[in-house]
Amino acid sequence: MKLDDLRIVWSKEVESEVSDSSISNVLSMIESETGKMDKTIRRRDLLETTTALFLLPVWFWKLFDSPSMISTLGLIVLILSCIFIPVKLWKSKQVGNRLTGSTRDFLESERVKLENQIGMLSSVFWWYLLPLSSGIFLFSLGVKVDINGAPIITNGLLVYYMICFIFMVLVYYMNKRSVNKKFIPLLQQINSQIKELDED
Amino acid sequence: MALSEVMDPTFEQIINQNIGRLRYIAKRYANDFDAEDVLQEILMQLWRSFESFKGDSSISTWMYRIALNTSISMVRKSVKQSKLQIQLQGIMSYEIQPGPESCQAEILENFMESLKDIDANILMMYLDGLSSQSISDVTGMASNTVSVRISRIKKLFESKYIGNES
């Protein structure tokens with residue numbers, strides 16, 4: 001028995017035994033499901049951007065009514081963060097899937113996408129946590145000041161900072177865990193698939 | 001515009017002619033989730049890219065590229081059960097009628113199982129009559145590498161099943 005003998009078996013195996021009406025039903029559902037999924041993705045992307053854009057006027061309004069220099073500085077950091085973070089997120093999504101390309105092109109694009117995600121998650125402290133936390137820290141610190149402009153630190157403020165700190169540490173470690181547990185193994189898997197293509 | 005109004009005749013014909021191949025690929029890649037999930041995603045991606053398909057490559061090349069790439073990416077995510085998947089279960093439940101080829105079908109299935117994904121993909125396309133150049137277009141491997149792989153797969157098959165006439 002030779003490999004070419006299996007051509008007949010293969011053609012039998014892939015022979016369509018599906019009625020035209022079931023295919024029509026499936027295809028009309030595909031059309032509606034695709035539309036729904038596209039809408040969901042558009043809504044999610046819009047939500048990410050609008051949350052930041054919605055906060056911008058709030059920070060600007062506060063800027064003109066700032067109680068102290070420290071708060072003003074915090075608000076400027078928050079305004080810049082609200083512009084910078086969505087732009088960074090948007091840029092990271094610009095690598096397409098290239099499903100219509102060859103397996104190699106697709107795997108290469110997946111590798112680039114994963115490396116970007118790993119880079120983003122690994123540096124989440126610098127581009128997300130640090131600007132937001134320092135902005136919030138400065139703004140809240142300057143809300144209550146004495147006549148010399150020095151901040152008055154209350155117990156409530158200390159508790160607030162503690163909660164913020166725990167939240168930031170949690171976000172940082174969750175991202176770090178996700179890189180090590182999920183993204184690095186995926187990257188290794190893609191690399192081995194690319195290597196498989198190169199083997200002669 | 002509705003799919004059935006404009007693109008449906010051609011798209012439907014393509015799917016109708018290739019549903020068996022797509023089903024086979026979906027089953028091959030279905031590990032942690034159902035083959036219906038994989039088939040659904042393949043059909044969605046084919047539909048999405050159908051409008052931009054300008055015939056630069058053959059339909060088989062275009063279809064294999066999207067089906068294989070989608071299946072590879074599906075291994076990395078999970079999909080919820082939907083009404084569409086229930087409909088697809090009907091398509092997936094098709095079984096080969098017992099006959100003289102059924103034993104050979106088993107041999108084919110076992111042999112496919114023993115191969116790495118990339119070699120199984122090459123074998124599928126080879127059995128489908130795609131040339132080394134077309135397989136190279138789908139996989140991104142050099143054409144002569146594809147030929148080397150095919151001859152290696154042939155040797156492996158013969159070493160396993162030679163003289164095994166059924």
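B:Phe50 and B:Trp62 are both buried (under 20% relative accessible area, with exposed meaning over 50% and partly exposed in between; 1.4 Å probe, protein chains only). The model is predicted, with local features requiring pLDDT of at least 70 and side-chain atom pairs counted only at pLDDT 80 or more, whereas totals for chains, interfaces and linings use all residues. Residues are numbered from 1 along each chain as its sequence is written, and side-chain values use heavy atoms, with hydrogens and water left out.

Rings of Phe, Tyr and Trp (its six-membered ring) were paired if their centres lie within 6.5 Å, planes under 30 degrees apart counting as stacked, over 60 as edge-to-face and the rest as tilted. This rule gives 15 aromatic pairs over all chains. In A:Trp127 and A:Tyr128 the ring centres are 5.7 Å apart and the planes stand at 65 degrees, so this pair is edge-to-face. A:Trp127 is buried at 7% relative accessible area, while A:Tyr128 is partly exposed at 32%. For B:Phe50 and B:Trp62, a centre distance of 6.0 Å and a plane angle of 55 degrees make the pair tilted. A cluster linked by ring pairs contains B:Phe11, B:Trp47, B:Phe50, B:Phe53 and B:Trp62.

A:Arg111 is partly exposed at 23% relative accessibility, as is A:Glu108 at 28%. In the salt bridge between A:Lys113 and A:Glu110, the closest N and O atoms are 3.3 Å apart.

Conventions: Chains lettered and ligands numbered in written order. Salt bridge = Lys/Arg side-chain N within 4 Å of Asp/Glu carboxyl O.
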